[in-house]
Amino acid sequence: MSAATRIYVPRETSAVSLGADDIAAAIAATAKSHEQNVEIIRNGSHGACWLEPLIEVDCAGERIAYGPVTLADIDSLFAAGMLTGGAHPLRHGPVANIPYIRRQERWTLQRVGVTDPLSLDDYRAHNGFTGLAQAFAIGPAAIVAAVTAAGLRGRGGAGFPTGIKWNTVAAAEADQKYIACNADEGDSGTFSDRMLMEGDPFALIEGMLIAGFAVGASRGYVYLRSEYPLAREIFSSALSIAREHGWLGLNIGGRGFDFDIELHIGGGSYVCGEETAMLDSLEGKAGIVRFKPPLPALEGLFGKPTVVNNVITLATVPNILARGPEQYAALGVNRSRGTLAFQLAGNIRRGGVVEVPFGLTLRELIDDFGGGTASGRPIRAVQVGGPLGAYLPESQLDVALDYEAFSAIDALIGHGGIVVFDDTVDMAAQARFAMEFCAIESCGKCTPCRIGSVRGVEVIDRIVANKNREANLTLLTDLCDTMVDGSLCAMGGMTPFPVRSALKHFSEDFTAASSPQSNGTGGNA
């Protein structure tokens, strides 16, 4: 029998939700019925979600892409000679040449979609564990110096310099230290953590190994979002494989370095994405925000010095060591160095993940990569940074994506989630949603967040109903100020961001519901 033709079918949540498992089975059955020898590899996703399920056929070393494929397309794909790269309406040519993929600068997601996520051989063949080898070669202090020189900032949202955090933990004296990976990816429109854990789980393991070696930690925890069952399954398998092959456990690499990782499933609360609430949840307590200080870097998990980073932050480190911090620092603008895996969602024609250096504008991302709105209608608002991010009007889409530029317009980049709205959106309803979201997800520890968000919903309702409009607008402004200044964490402190931005840029939506009870005829101020 001739050598098997390799066919790649994504085993990633968005592709699977669109039928990838059934398509893989159908390809195997059809090939068997045609007496054709195929090997089906379940890879991750390249992030071009609008093309999923995107299957690839290895034709003499070149992977030819077809997508989006449905079960109804299998027979016609075989009839068209798919196994030799034959022409078909779903054919996109070499996957690496698809503009959406070719134009990216993939640093952290370099192997996602390319390799078999659970093949250590594949991982090592694509530069895997090169960063760890370099880490062992240069030692803990030089690792921290390299991460600092690269300018890597936390990709979970806060943007705190990673090197400073690692240096604090490394310098702390303790009999036990920890690495805690925050994979509780709860922001709206975000999925890059999940895609990495499903498409390149060993990259996260390698990043945590390097972090542990750098700061003197022997134990790591991954706090995974409970709504990610496939990521849980794949990452659990990756942990087992890594242990079986000596990449986790005792005396790793013969360096006398012990390190292991435990996967912990989150409590399903948004506030557990806040680092101290996450640590409490890891300890078996209710996920409630802690007062700071002490910082988790000094008294974190179980009261011990703890590095808390998110998935993308940790997975970015191996390549920094493998390629050198100078290469990473050369990407980006101002103090926003390197790349970020931006996620395009909402009313967008070509949704997915786009990893590019900081400095691109929102308009370039949305138009050049995303193809504009899915509805074809004009863009009215874009929310960046999750449910607590500001709403930006069309006039601000040319602001460069970097932390300081966004801060200057009272916005934030956060985890890189971008949600697009067309001109049919009701921005008063979006502002109300922000307050309601906070009211539901608040841990309840501080009054401004717990009570302020409930009052915020009520005040917005009265404004939209034109009840004591001016007094209630003043009240809403005061309420937002109190939440910003008095909340214990970002949950309450940032909820005013979407509310204020909606009022500032889309004030007309707060006057649309004119009613007989207008101005001064009812309601409470």
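Predicted model: local features only at pLDDT ≥ 70, side-chain atom pairs only at ≥ 80, totals over all residues.
The domain assignment divides the chain into domain 1 (5-103), domain 2 (120-330), domain 3 (332-422) and domain 4 (427-509). The centres of domain 1 and domain 3, taken over C-alpha atoms, are separated by 30 Å. To the contact between these two, domain 1 contributes 6 residues and domain 3 contributes 10 residues. About 640 Å² is buried between domain 1 and domain 3, and 58% of this area is on carbon and sulfur atoms. On the side of domain 1, Trp50, Tyr100 and Arg103 account for 83% of the area buried against domain 3, more than any other three residues. Between domain 1 and domain 3, 3 residue pairs are in polar contact, and 1 salt bridge is found across the interface. A salt bridge joins the side chains of Arg103 and Asp368, with an N to O distance of 3.8 Å.

Helix α10 comprises 15 residues (201-215). From its first C-alpha to its last, α10 reaches 22 Å, close to the 21 Å expected at 1.5 Å a residue. Of the 15 residues of α10, 15 are buried. Gly216 follows the helix and has a positive phi, near 90°. Arg111 lies in the loop between α4 (99-102) and α5 (120-125). Arg111 counts as buried because its relative accessibility is 4%, under the 20% cut-off. Beyond its neighbours within four places in sequence, Arg111 is in contact with Tyr123, His126, Asn127, Gly128, Gly199, Asp200 and Ala203.

The peptide bond between Lys292 and Pro293 is cis, with omega about 0°. A cis peptide bond also leads from Pro293 to Pro294, with omega near 5°; Pro294 is in the loop between α12 and β10. Phe302 is likewise found in the loop between α12 and β10 and has a positive phi, near 50°, although the residue is not glycine. With a relative accessibility of 41%, Phe302 counts as partly exposed.

Asn466, in the loop between α19 (452-464) and α20 (469-486), is another residue other than glycine with a positive phi, in this case near 60°. Asn466 counts as buried, at 8% relative accessibility.

Conventions. Residues numbered from 1 in each chain as written. Heavy atoms only, no water. Helix = DSSP H or I, 4+ residues; strand = E, 2+ residues; numbered from the N terminus. Expected span 1.5 Å × (residues − 1). Buried < 20%, exposed > 50% of the residue type's maximum accessible area, 1.4 Å probe, protein only. Contact = heavy atoms within 4.5 Å. Domains from an automatic or database assignment. Buried area = accessible area lost by both parts, 1.4 Å probe. Salt bridge = Lys/Arg side-chain N within 4 Å of Asp/Glu carboxyl O. Polar contact = N/O pair within 3.5 Å; in protein donor to acceptor, adjacent residues only side chain to side chain.
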